[in-house]
Amino acid sequence: MLSIGNATSPTFFLTGVPGLEDFHIWFSIPFCCLCVIALLGNTTILYVVITNSSLHEPMYYFLSMLSTTDIGITISSLPTTLGVLWFNARVISLDACILQMFFLHGFTLMESSVLLAMAFDRFVAIRNPLRYAMILTNSRIIKAGVVIFVRMLVNLMPLLLLLKRLSFCGPNVLSHSYCYHPDVIKCSCSSIKVNSICGLVALILTSGIDIPCIFLSYMLIIKSILSIASPEERRKAFGTCISHTGAVAIFYIPWVILALVHRFGHSAPPYVHTLMSNLHFLFPPVLNPIIYSVKTKQIRKAFYQLFPNTK
């Protein structure tokens with residue numbers, strides 16, 4: 001079966017949980033539960049932000065963008081993962097692989113940009129609260145959304161187009177239940193030097209820029225908060241950043257570890273790749289709605305209005 005792929009029409013074989021294929025149906029239960037939680041949580045946040053005029057502020061517009069990217073990430077990996085776990089449907093063509101990578105990597109890159117925009121939003125809100133609404137106008141937020149989308153295309157499209165020049169000789173077995181760029185190029189029997197360099201450049205131009213900028217933003221935020229005289233005001237200012245710092249941590253830590261595992265962890269057991277990929281693509285969509293509904297008073301209040309019996 002593993003030899004049906006050829007150079008003109010490459011075929012890839014997805015992998016579920018290595019060594020535990022007989023238990024795939026049981027692994028699908030928690031996976032489906034987490035996906036349902038992610039989709040319901042992020043959809044609910046989108047709904048309450050859209051329907052509550054009191055939440056029509058820059059912070060919640062960016063939160064809506066974050067929920068949209070989380071929904072996109074969840075839906076992008078869902079079909080192939082359920083296909084592997086439920087029906088052992090492992091075969092996927094190169095074109096289908098590239099399409100899935102466009103959405104999966106695209107939403108991931110956009111989420112990184114959204115988290116950077118949210119860090120800037122918190123910096124402006126704390127540093128210049130009186131000019132907050134003047135600086136972050138609706139038109140500028142729309143422009144920021146367009147820039148985030150264009151930035152994703154500029155970084156991602158060269159990676160995907162370069163895949164078409166590679167030769168795949170088989171057996172082309174991937175490490176995950178979805179197509180992941182570093183995983184796909186390792187299956188090539190031709191030189192992947194250009195692809196690897198392009199992937200590294202894309203990583204540097206996204207997380208390599210976003211992470212230091214977010215760190216710098218928080219250094220400036222902390223400096224601004226410490227200059228506030230009132231301890232109560234300092235506590236409230238720190239409280240407005242807790243949700244975002246949690247979102248940053250659960251997004252970037254698994255992403256960086258997954259990238260390092262793929263580049264340098266060639267001797268790592270197969271289940272390490274599976275575990276880190278699931279942490280990266282499942283935890284942020286699942287945990288972000290929980291974090292923001294628990295730590296953000298306005299979102300929590302909107303949830304109570306939507307589900308009054310949850311008080």
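Reply: A disulfide here is a pair of cysteine sulfur atoms within 2.5 Å. Cysteine 241 has 4% relative accessibility and so counts as buried (buried is under 20% relative accessible area, exposed over 50%, partly exposed in between, with a 1.4 Å probe and protein chains only).

Please keep in mind that this is a predicted model, where local features need pLDDT of at least 70 and side-chain atom pairs pLDDT 80 or more, while totals for chains, interfaces and linings use all residues. Residues are numbered from 1 along each chain as its sequence is written, and side-chain values use heavy atoms, without hydrogens or water.

Searching the whole structure gives 2 disulfides. One of them joins cysteine 97 to cysteine 179, with 1.7 Å from S to S. Its partners sit 82 residues apart, cysteine 97 in helix α3 and cysteine 179 in the loop between α5 and α6 (helices are DSSP runs of H or I with at least four residues, numbered from the N terminus). The S-S torsion of this pair is about -95 degrees, so the bond is left-handed. Cysteine 97 is buried, at 0% relative accessibility, and cysteine 179 is buried at 0% too.

Cysteine 169 and cysteine 189 form another disulfide, 1.9 Å from S to S. A torsion of about 60 degrees makes this one right-handed. Cysteine 169 is exposed at 53%, and cysteine 189 is partly exposed at 45%.

Note on methods
Helix = DSSP H or I, 4+ residues; strand = E, 2+ residues; numbered from the N terminus.
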